[in-house]
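Here's a quick tour of a model, written for someone who likes cut-offs spelled out. Have a look at the fold first, then read on.

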Amino acid sequence: MTEADGGLAIAGWRCAACAYPSCQPVLACPACSGAVQLPRFSPAGEGFASTCLRVRVPGYAPPFAMAYVVLDQGPRILVHTPGEQPVRPGTRVVITGVSAQGDPVASAASAADGAR
């Protein structure tokens, strides 16, 4: 994540040929082997799937919720969400920061964040 114009942006890679987006470092497009560019993706997106983990995971205190978010301008990424209530699929979310472990943290978007 980076600061862009006073807000957060997600650093990533996008294929110059087919526009395939990725948040994972790639040397060439995994879809078509084309050259990649280094865009910044919007931190806003839509929840795709989520869950609440109630088992011990090293470095995390259960219970905690996680979700896959499809960014508006980019790839699908895994984020942590506040509390233990999973985000419903289709919910507008915005990435608000990074956890102590370095993971993206997102919460439900408000009207000011561009919720639909």
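Predicted model: local features only at pLDDT ≥ 70, side-chain atom pairs only at ≥ 80, totals over all residues.

**Ground rules**

Residues are numbered from 1 along each chain as its sequence is written, and side-chain values use heavy atoms, with hydrogens and water left out.

**Layout**

The protein chain has 11 strands and zero helices. Both kinds of element are DSSP runs numbered from the N terminus, with helices being H or I of at least four residues and strands being E of at least two. Reading from the N terminus, the order is β-β-β-β-β-β-β-β-β-β-β. Of the 116 residues in the protein chain, 32% are buried. Here, buried means under 20% relative accessible area, exposed means over 50%, and partly exposed is in between (1.4 Å probe, protein chains only).

**The hairpin**

Strand 8 (residues 64–71) pairs with strand 9 (residues 76–81) in the antiparallel sense, over six bridges. For two strands to count as paired, DSSP has to find at least two bridges between them. The link from strand 8 to strand 9 is a hairpin through four residues. Across the pairing, Tyr68 stands opposite Leu78 in strand 9.

Those two residues turn up again on the surface: Phe48, Tyr68, Val70 and Leu78 form a nonpolar patch with about 340 Å² of accessible area together. Areas come from the Shrake-Rupley method with a 1.4 Å probe, and for residues only the protein chains shown count as cover. Patch members need over 30% relative accessible area and no salt bridge; nonpolar side chains (Val, Leu, Ile, Met, Phe, Trp, Tyr) are joined within 5 Å, while like charges are joined within 9 Å. Phe48 is found in strand 7, and with a relative accessible area of 43% it is partly exposed.

Also in strand 7 is Ala44, which counts as buried at 10% relative accessibility. The C-alpha atoms of Ala44 and Gln73 are 8.5 Å apart, although 29 residues separate the two along the chain.

**Charged pairs**

How many salt bridges does the structure hold? There are two salt bridges, each defined as a side-chain nitrogen of Lys or Arg within 4 Å of a carboxyl oxygen of Asp or Glu. Side chains of opposite charge can pair when their charged atoms come close.

| Salt bridge | Closest N and O atoms |
|---|---|
| Glu84 with Arg54 | 3.1 Å |
| Asp72 with Arg92 | 2.7 Å |

Asp72 is partly exposed, at 41% relative accessible area, whereas Arg92 is buried at 10%.

Now back to Glu84, which forms its salt bridge with Arg54. Glu84 is in the loop between strand 9 and strand 10 (92–98) and Arg54 is in the loop between strand 7 (44–53) and strand 8, so this pair ties together parts 30 residues apart in sequence. At 39% relative accessibility Glu84 is partly exposed, while Arg54 is exposed at 56%.

Pro62 and Pro63 are joined by a cis peptide bond, with omega about -5°. Pro63 lies in the loop between strand 7 and strand 8.

Ala19 has a positive phi, near 70°, despite not being a glycine. Ala19 is in the loop between strand 3 (13–15) and strand 4 (21–22), and is partly exposed at 38% relative accessibility. Ser33, also not a glycine, has a positive phi of about 70°. Ser33 lies in the loop between strand 4 and strand 5 (36–37) and is exposed at 62%.
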